[in-house]
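This briefing sets out the fold of one chain and the surroundings of one of its residues. Please look over the sequence and the structure before reading on.

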Amino acid sequence: MAKDYPDGLPFEEFRKVGARYGRMSLDEMIKDKAKNTITSFEHILMDHYIFEEPTPDFNWSLSDETEEICKYNCKKATTSFRGRKWTAWYTEEIPITDGPWKFGGLPGLILKVEDDKKEHIMEALQVRKHDSDISYFIRSFLIKTDREKYNEMYKEFRTNAGSFLSGSPNMPKKADGSPAIGNKRLFFNPLELE
């Protein structure tokens, strides 16, 4: 059962969740409803990337099945998106057509979404009203790219870190000056398969 955090999720609790379920990303995404776009701020090592894409049309299939999440009555919806089948749980009690990551387009706020293999699960721990502005950190030296190119670079980095860093000043070195990372494969299970 999710804990209630009236003053926000303390960093120590955030760290515990990350330790239990895996490292979480602090990269950012801005959904511009007026322009119908999503701008993503991502990184690979010390390089920060920016790319914009149209807000996806998820073509949701709605169901009468219900589940309670964060004390809200939620309805089920399913879709296929970029190589995965997703199930979302949304509440019409909060009439905001948005959700985590790129998800949205349902007649209420998405409080939980998961793929059919349960490899990726995003679930609200708490819902609370907040009256301060939401701001984001704008990094200098952003490298413009597109979603496909960024995903390909990220895949190369995660599946062959040594090759990706070869010749880079960021390549960790051993005491003798040789590369500290060989052709090592890092964990890689992206949200988007296509």
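Leaving aside its neighbours within four places in sequence, which residues is threonine 39 in contact with? In this predicted model, they are Glu28, Met29, Ile30, Ile50, Phe51 and Glu52.

**Threonine 39**
- Threonine 39 lies in strand 2, which covers residues 37-44.
- With a relative accessible area of 14%, threonine 39 counts as buried, because the limit for that class is under 20%.
- Glu52, listed among the contacts of threonine 39, also takes part in a polar contact in which the two side chains are 3.4 Å apart.

- An open sheet is formed by 5 strands in the order 4-5-6-7-8, and their pairing is antiparallel.
- Strand 4 (61-69) and strand 8 (121-123) stand at the edges of this sheet, and each has a single partner strand, so one side of each is left without a neighbour in the sheet.
- From one strand to the next, the twist averages 30°.
- Strand 4 is joined by 6 bridges to strand 5 (residues 72-81), the two running antiparallel, and serine 61 has threonine 78 in strand 5 as its bridge partner.

**The chain as a whole**
- The chain holds 3 helices and 9 strands, which follow one another from the N terminus as α-β-β-β-β-β-β-β-β-β-α-α.
- Of its 194 residues, 33% count as buried, and the accessible surface of the chain comes to about 13100 Å², with 52% of that belonging to carbon and sulfur atoms.
- Among contacts in the chain with a separation of 6 or more, 44% are between residues 24 or more positions apart.

Key. Residues are numbered from 1 along each chain as its sequence is written. This is a predicted model: local features need pLDDT of at least 70, side-chain atom pairs count only at pLDDT 80 or more; totals for chains, interfaces and linings use all residues. Side-chain values use heavy atoms; hydrogens and water are left out. Helices (H or I, at least four residues) and strands (E, at least two) are DSSP runs, numbered from the N terminus. Buried means under 20% relative accessible area, exposed over 50%, partly exposed in between (1.4 Å probe, protein chains only). A polar contact is a pair of N or O atoms within 3.5 Å; within protein, one must be able to donate a hydrogen and the other to accept it, and residues adjacent in sequence count only if both atoms are side-chain atoms. Contact means heavy atoms within 4.5 Å. Two strands pair if DSSP finds at least two bridges between them. Axes are lines fitted to C-alpha atoms, for helices over the stretch in contact, and angles run from 0 to 180 degrees between N-to-C directions. Accessible areas come from the Shrake-Rupley method with a 1.4 Å probe; for residues, only the protein chains shown count as cover.
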